[in-house]
Amino acid sequence: MKKIVSVTVNGVLHELAIEPRRTLLELLREDLGLTGTKKGCGIGDCGTCTVLLDGVATFSCLTLAIQADGCSVETVEGLAEDGKLNRLQQAFVDHGAIQCGFCSPGMLMTATELLRRSDNPNEQDIRRAISGNLCRCTGYQKIVEAIKAASEDTS
Amino acid sequence: MSKHRILNTRAPRVDAADKATGKALYTDDLKRPSVLTGAILHSPLAHARILNIDTSRAEKLPGVKAVVTHREAGTTPYGVSPARYDETVFCHDKVRYVGDEIAAVAAIDLDTALEATSLIKVDFEELPVVLDGRTAMDEGQPQLHEMYKNNICAQVHWHFGDIEEGRRESHLIRTDRLSSKMQDAAFMEPQSILAETESSGSLTMWSSTQAPHYIQRTLAMALNIPLHKVRVIKPAVGGGFGPKASCSSAELATCLLAIRTGQPVKLTFDREQVFLHSRARHQFFHTMTTGVKKDGSLAFLEHECLLDGGAYASFGIATIYYSGSLLGGPYRLKNMKYDGHRVVTNKPVCGAQRGHGAVIARALFEVQLDRIAEELGMDPVELRLKNVMEAGETTCNELFVSSFGMREALEAVRDSAAWKKKRSSGGKTRRDGKGIGAACGFFVSGAGYPIYRSRTYHCTVVTKVDEVGGGVTVSSGAADIGQGSDTVLAMITAEELGLNLDDVRVLSGDSSLSVDLGAYSSRTTLMTGHACREAARDAKKQILEAIAGKLEVPAETLDLREGKVVSLAGELDFSRLRKEYLQEHKGFSDLPDTPQLTFAEASRIAFLELGTIVGTGKYRPPPLGGSFKGAKVGTSPAFGCSAQIAEVTVDLETGEITVGHITGAHDCGYAINVTQVEGQMQGSMMMGMGEALMEQIIYDNKGRIVNANLAEYKIPTALDMPHLDAIIVESNEPNGPYGAKEVGEGAIMPVIPCILNAIYDATGVRIEELPVTPERLVAAMQAAKSRRG
Ligand code: FES
Ligand code: FES
């Protein structure tokens, strides 16, 4: 039996009929066509599916769509401001934090949450925050540098 | 100061903004109307005869559109190396590992497809299994393939120089061993495939592949379709590192399902399937005997290697050759003997992975150098410096190094990491839980020959100047899998044509655009870079000749710089050309307002003269290598080299190892993109560190992987990784475009041994089996303690 789910995604309210066992990741990728959020494992091991659920970094592959009923979801597609990269995205681009880019959407969402709750995270804070987001390309060095730079850039 | 405007900078990647906004499309993100979902039935058994396959119940399930087995697919053998075509699309006589593909289904959704695979009934006759590579060759072992007697898939026997002579010259000889476990490449994007046919009979496949060209050939051959009717497109790819370079049964099956249903079919692996399909790092068992003279110079190396390659050959022939050949450098070594065997076992198939074939061999050799240094009472870095090759030398296995910053790289890490201060004197180890270790490495900059025997160009590039003027489009079959080759092509083109990066559009990764052998053997910057430069220069020449003709000046006096035509011989009167251009662009606002002729004007006028302007470029290495059997593997137009120093802390109670810092220096010839070179180095350090300390595929006694997920197959997280220092050495490679050569794989070579050497420095214990988990280290420390009494 499908259930009705109302969820605000990147500021837009959607009402969908969805099977109770389907995940938030499936809702985003398949029902809303928001394919920026990735599925690297589907079982909570990699972090590529990270979104913000009411502001909290959450693995969307482990979250049922119905759990998001009445919630607000932010995905990578919602980060840009006025059609321009926000300062975190820009820092990722400028610092070479993106190679294959498959981890980037989840990494950006986790970092977004970190920067909202902490003004001036040090390197260890950043590493701890993103330790649930695997990246196989960068060795994390440039990702850490990008997040640090974005936290310092208050312009 | 760089002599280039665009090259050698930190230009952001051309695809970075799309990847930062979620716009970049990977294969699984692609949408097609009425697309079906594919699923594969994998073998649950490691070794069994197939007696019967009954698909009737699966076919009757509502929503199932096609079920295919070997009956539909045929049994044309395929594989990577034509000398070892040992796979078929689906198993027909036997299954040879848990995960081997038996059938595939296309259905209206994934649930239906999966249910259908579970309804396929296969009758097996179980066969005894071969799970241990070390005994696979023994008499009486079950045989996997008729074509591989005693389960030997390939063997290599090389002898360069004279080992006996080397033995006589030696002051010190020692023998050491190192083995590893099978490992996974653990790229973040699971393989995904979308296939579609057209009414003309053409087949298009989008796939997360590293090598569209080889995949195109394999699809055509195994499915019996004319080559020109097969098009392979690589969308954005979420990492490859080797395993995505070979054609998979899943790619073939998805295409077959699309052909049989007439509908598009998409198939995406789950993470467990990524592990089952594997094609990643082999398991290696190395034994090396090395002799040195009194002064520490190398006298000989005798090397035996056994590779456990899993059930099929895949890239394994190249792997076994690379394991031997890449020890020819970076040190002067006159006498080298190599005996390698690659065996097949009933486990998932191994293939190519970053640092193909050479990583564990390098690790053992660099450990041996440390042990030798200790026995001689020499500093390990000094011992290496004493032996490093210089540019212009040839290895004993006939690899010519045309540029070689090995000495510079080693000195750079030594000084940057304050080696002399941190390393205790006299070669004595500290054994206080803190350690520092060094190592070097050596790697090809593109394979000298294609995988199939051919005189084919390794790549071609087509650069078309926009007819409307102002921009160019570079078309190439090259595969950007995250390493950044699209950005390299854009930078080279912009540099040559005096354009900005955003005036260059790169289309790539499509077999219909040009020939390119793909992203493997660290070849793209050197090879496709060459072709790209040639194509840009060709286009530039045509533009300048057309303009020179109009202005009645010699073409040699004109150049394109910073978006303008510049005259090297006094002022130009181009008012007629500008007038014509302005007339064409009434109502436009971005009109040229400089006192020079702009690229937009020049390229438009040139089109008006010549029609569409297309520059082409191509590259094929010169004949390389010696004449002995297997001499072609390991050849390359250039060789990269690396040095690294790791600093570790070991908890002497628990064996827990913390890598505190890695300093690496890599000779990439010339850094086209500085940030990307560092990124390749840092990524290599991470993969190498994982392999050294935590990564291992674990099997049960039935050949099933017990840790086929990213929680139990551990790769380093941001908390595991230390600060990584990347130092770029530029040796100006004469055979590379602008002096550039590889960085993608060479930078992984020193990682494992520099960590092993640091662990020894910290603990006084040598480990002979990778990865060095805390359990292994504690056991070794305890054994050492009881030996000491
Ligand atoms: S896809 Fe959700 S954690 Fe991997
Ligand atoms: S950039 Fe490839 S996984 Fe992070």
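1. Between domain 1 of chain A and domain 2 of chain A, about 1,200 Å² of area is buried, and carbon and sulfur atoms give 62% of that area. The model is a predicted one, and the values discussed in this note should be read with that in mind. As general background, the accessible area lost when parts come together is often used to give the size of an interface.

2. The two parts in question are domain 1, which covers 3-78 of chain A, and domain 2, which covers 87-152 of chain A. The C-alpha centres of domain 1 of chain A and domain 2 of chain A are 21 Å apart.

3. Which charged side chains meet in a salt bridge here? They are those of A:R116 and A:E74, with a distance of 2.6 Å from N to O. Across the interface of domain 1 of chain A and domain 2 of chain A, the rule finds one salt bridge, and it also finds five residue pairs in polar contact, with both residues at pLDDT 80 or more.

4. Turning to the interface between the chains, 43 residues of chain A are in contact with 51 residues of chain B. The area buried between chain B and chain A is about 3,700 Å², and carbon and sulfur atoms give 58% of it.

5. How many salt bridges are counted between chain B and chain A? The count is six. A salt bridge is also formed where the side chains of B:E678 and A:K142 meet, at 2.6 Å from N to O.

6. On the side of chain B that touches chain A, at least two residues each are supplied by α1 (16-21), α18 (674-693) and β25 (723-729) of chain B. Of these elements, α18(B) gives the most to that side, with eight residues. The residues of the side of chain B that touches chain A divide into 26 nonpolar, 13 polar and 12 charged.

How values were computed
Residues numbered from 1 in each chain as written. Chains lettered and ligands numbered in written order. Predicted model: local features only at pLDDT ≥ 70, side-chain atom pairs only at ≥ 80, totals over all residues. Heavy atoms only, no water. Domains from an automatic or database assignment. Buried area = accessible area lost by both parts, 1.4 Å probe. Salt bridge = Lys/Arg side-chain N within 4 Å of Asp/Glu carboxyl O. Polar contact = N/O pair within 3.5 Å; in protein donor to acceptor, adjacent residues only side chain to side chain. Contact = heavy atoms within 4.5 Å. Helix = DSSP H or I, 4+ residues; strand = E, 2+ residues; numbered from the N terminus. Nonpolar A, V, L, I, M, F, W, Y, C, P; charged D, E, K, R; others polar.
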